[in-house]
Amino acid sequence: MRSKHDDFCCHYFATHTSLTRRILQRVAGLSDSTAKKWLQHLTATGVLKRDGANNAPVYLWRG
């Protein structure tokens, strides 16, 4: 069974190539801390790959 995180990613990355915390907050209607938790979970499970500078990370779809 897929989680809501996975469903969001599949839908979002169908039309976009990268994701940031700020975009995730805006699109999913999440708070700052919740968006960070989602991104940590998605990178830890291998759904997303973190790229970019430490102070400006960009997340890429691993599919």
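Before looking at strands, I noted the rule: two strands pair if DSSP finds at least two bridges between them. Helices (H or I, at least four residues) and strands (E, at least two) are DSSP runs, numbered from the N terminus.

I'm working on a predicted model, where local features need pLDDT of at least 70, side-chain atom pairs count only at pLDDT 80 or more, and totals for chains, interfaces and linings use all residues. Numbering starts from 1 along each chain as its sequence is written, and side-chain values use heavy atoms, with hydrogens and water left out.

Strands. I found strand 1 (residues 18-19) paired antiparallel with strand 3 over two bridges; leucine 19 sits opposite tyrosine 59 there. Strand 2 (residues 48-53) also runs antiparallel to strand 3, joined by six bridges. Tyrosine 59 turns up again, as the bridge partner of arginine 50. Two residues make the hairpin link from strand 2 to strand 3.

Helix 2 (21-28), helix 3 (32-44) and strand 3 (56-61) each give two or more residues, and helix 3 has the largest share, four. By type I get four nonpolar, four polar and four charged, with Ala, Val, Leu, Ile, Met, Phe, Trp, Tyr, Cys and Pro as nonpolar, Asp, Glu, Lys and Arg as charged, and the others, Gly among them, as polar.
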